[in-house]
Each structure stands twice: as C-alpha cells, then as structure tokens.
Amino acid sequence: GEQLAVFRTQDGQAYVVDTYCPHLGANLAAGGRVVGNCIECPFHGWAFRGEDGKCTRIPYAEKVPDFAKVRTWPSCEVNGMLLVWYHCKGIGPTWAVPEQREVATKEWVFRGQTEHLVDAHIQEIPENAGDTAHLAFVHGPAILSGSDLRYTRSKLWDFMKHTWKAEWQPEPEPNEHCSRLLLQHTATIFGRHVSLMDLTVSARQVGPGLVFLLFEHAFLGRGIILQMVTPLKPLLQNVVHTIYYQKNIPAIIPKFILRAECIQFERDITIWNNKQYLSKPLLVREDSSIQKHRRWFAQFYSEKSKRLLTQKEGLEW
C-alpha cells in the first residue's frame, strides 16, 4: 500500500522516498527530475534531498521551512538489487544484506531473470523450504513434463526422475534472521543414475523475502539465483529470480538452469494460487520441519503487522 519514488542522484547514490510531495501531493516519480543530489517536484519545483528527504529549495520562496521534508526509506544497493527496509513500527534496519563476492567482483555475470505474480499468503513461498515432503511428489517428475500438474505424471516422461535430499535449519545468533536449506539433487533415466545431473544447492534465506540459491556442479561450475519476494498487497506477491554465473561457462548452461528452476517453481505456483493458508494445519510427525520453520518465520511479524479484515486472530496477511 505504500507509494515510493526511487531515483539515483548525480553522485551515483540511489535513494527511496515517499512518492507524494508534502506540498500539494504531486507525484515525484511522474515527471519529477534529478537535480544534483535532490529530486525535484514536477508541480512547483520543490527539491528534496535523497539522503534525509529535507527540502533544499523552493523556487518562489525566500525561506525553506525547517519542517519541509519528504519521508525517506532505508535502502541499500547490493548484488545488483536495490533493497528497501520496511517495518510497520518504523524501526530501522536490524541486520544488513550480505554481499555475494563473486557478483560484486563480476566474476559471476548476469545470465537471465524471470518474474511471477503469486496469489498467496506471504508465508507460503518461504515455507517451501521447511516442507521437504513435497519435493518428491511435486518436483520428482522430470522437468521435461513441464509445469502443468495435470501432465507431470504422464507415462511419456516416466523414464526420468529427480531425487531430492533436503535439510533445513535456522542459523544461530547473530544471524537468527537467516536460515539454510541444503539440497542434493540426483536424476535417473530408465532407473540408472546419471552423474552428469548431480547438483548441490545451498539456499540461504535472509529475512522474509530474499533467498540466495547457490549452485555447484562438478563440470558446469558455480553460480547463484537470487530470489526476491515482494508483497504488492495482501495475498499477492511479486517473485523475481535473477541468475549470475561464471563468465567462462557458456551462457546456455545458466539459462537452462534458470529454465529448469522456473518449471519447478511454476509447479508450486499452481498450488499456491489455489490453496488456502491454514494457521493450524493438520501435520504428521514427518512434517516437523514445517512447524519449526513457522516458529522461525514468526520473528518477522509484529503486533501492528497488517492483517486481512476477515481474520479475527493471528497475523495472517
């Protein structure tokens, strides 16, 4: 529900501010322009400094009031992304987003991006990490069978299977806002193990909406998929996957990996788009990691977290 204006000043720094000018409500992002280190309002030319939002110039006024300012949002530019910190109580950042060295040094280069809209509770997507039982059922059938769940179990593609071994754990202090999912992928064709498709994936969740998916392959090198989950409104998430890979590996390899990941992700989307979030699910003993994940994820809610109007209890939105 927040409207933001994002701009890069002439010294190269990116800033995020409220999009509406406090003077008469003009949209700074629609016709506004960057002047030095300020964003200029398209309506009357008021100029606001990106660093602290303070108004530095009013073209027709002798004096700029001390209280003339626009709200600024804590942000950082890391791993090719501009990330904004949001807290419903206005508390500032309590942790920093780690830099992926290979991306920062351009040892790994951009090789593609996908974007999806998911009609789901904000918790559904990260909770996949704790739901290890769904891996065999949803992601076991060959990627050749596509993402339409009606056909993934077609006998036509039954000769190929994916096998996943997974272990999820929260990280200890001072990184309690992080968790790790270790995945070992193997594949069989006509029941025979194909070592060329062995893959190790380490998925590190940083906060509620950012995941670092590190890929390691014996022959095809190393790379990373960055997953960003941004809530647009209750029960609507924007999910972006961006892949960076070793520059000495042909681009077709990371593009294939991203495509394979996209197919598997779209299988989940079919379920997320049509399921209901249950705050008190019926779980069996083998689902213990789901409950463990929910306890870990609860740290990202607060008493003032927005809720759906239909909810009478809990923090589900």
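The model is predicted.

**Stop 1**

Start with the whole chain in view.

**Stop 2: a sheet of four strands**

Next, show the strands S3, S4, S5 and S6. They form an open sheet in the order S3-S4-S5-S6, and the pairing is antiparallel. Which are the edge strands? Strand S3 (33–35) and strand S6 (55–57) are, since each pairs on one side only. Neighbouring strands of this sheet are turned against each other by 40 degrees on average, direction ignored. As background, the strands of a sheet pair through backbone hydrogen bonds.

Now look at the S3 end of the sheet. S3 and strand S4 (residues 38–40) are joined by three bridges and run antiparallel. Select arginine 33; the residue opposite, in S4, is glutamate 40.

**Stop 3: phenylalanine 48**

Move to strand S5 (residues 47–49) and select phenylalanine 48. Is phenylalanine 48 buried or exposed? Phenylalanine 48 counts as buried because its relative accessibility is 1%, and the cut-off for buried is under 20%.

Then show what surrounds phenylalanine 48. Leaving aside neighbours within four places in sequence, its contacts include Cys21, Pro22, Leu28, Asn37, Cys38 and Ile39. Also among them are Gly53, Lys54, Cys55, Lys69 and Val70. Take cysteine 21 as an example: it lies 27 residues from phenylalanine 48 along the chain, with 9.0 Å between the two C-alpha atoms.

**Stop 4: glutamate 102**

Go on to helix H1 (residues 101–104), where glutamate 102 is found. Glutamate 102 has 5% relative accessibility and therefore counts as buried. Show its side chain together with that of arginine 101: the two make a polar contact at 3.3 Å. Not counting residues up to four places away in sequence, glutamate 102 touches Glu107, Trp108 and Arg222.

**Stop 5**

Select strand S12 (178–189). Its pairings can be followed one at a time.

- Strand S11 (residues 160–170) pairs with S12 in the antiparallel sense over 11 bridges.
- S14 runs antiparallel to S12, with eight bridges joining them. Here serine 179 faces glutamine 205 in S14.
- Strand S13 (residues 192–193) is joined to S12 by two bridges, again antiparallel. Threonine 188 stands opposite histidine 193 in S13.

Stay with S12 and S13, which form a hairpin with two residues between the strands. In this hairpin, phenylalanine 190 takes a positive phi near 55 degrees.

**Stop 5: the largest nonpolar core**

For the last stop, select Leu181, Val201, Leu213, Phe215, Ile225, Ile243 and Ile257. These have the most contacts inside the largest nonpolar core, which has 21 residues. Which elements give two or more residues to this core? They are the strands S12, S14 (199–206), S15 (210–217) and S17 (236–246), with the helices H4 (252–274) and H5 (288–297).

Finally, centre the view on isoleucine 225. Not counting residues up to four places away in sequence, isoleucine 225 touches Val211, Phe212, Leu213, Phe215, His241, Thr242, Ile243, Ile257, Leu258 and Glu261.

How values were computed. Residues are numbered from 1 along each chain as its sequence is written. This is a predicted model: local features need pLDDT of at least 70, side-chain atom pairs count only at pLDDT 80 or more; totals for chains, interfaces and linings use all residues. Side-chain values use heavy atoms; hydrogens and water are left out. Buried means under 20% relative accessible area, exposed over 50%, partly exposed in between (1.4 Å probe, protein chains only). Contact means heavy atoms within 4.5 Å. Two strands pair if DSSP finds at least two bridges between them. Axes are lines fitted to C-alpha atoms, for helices over the stretch in contact, and angles run from 0 to 180 degrees between N-to-C directions. A polar contact is a pair of N or O atoms within 3.5 Å; within protein, one must be able to donate a hydrogen and the other to accept it, and residues adjacent in sequence count only if both atoms are side-chain atoms. A nonpolar core is a set of buried Ala, Val, Leu, Ile, Met, Phe, Trp, Tyr and Cys residues joined through side-chain atoms within 4.5 Å.
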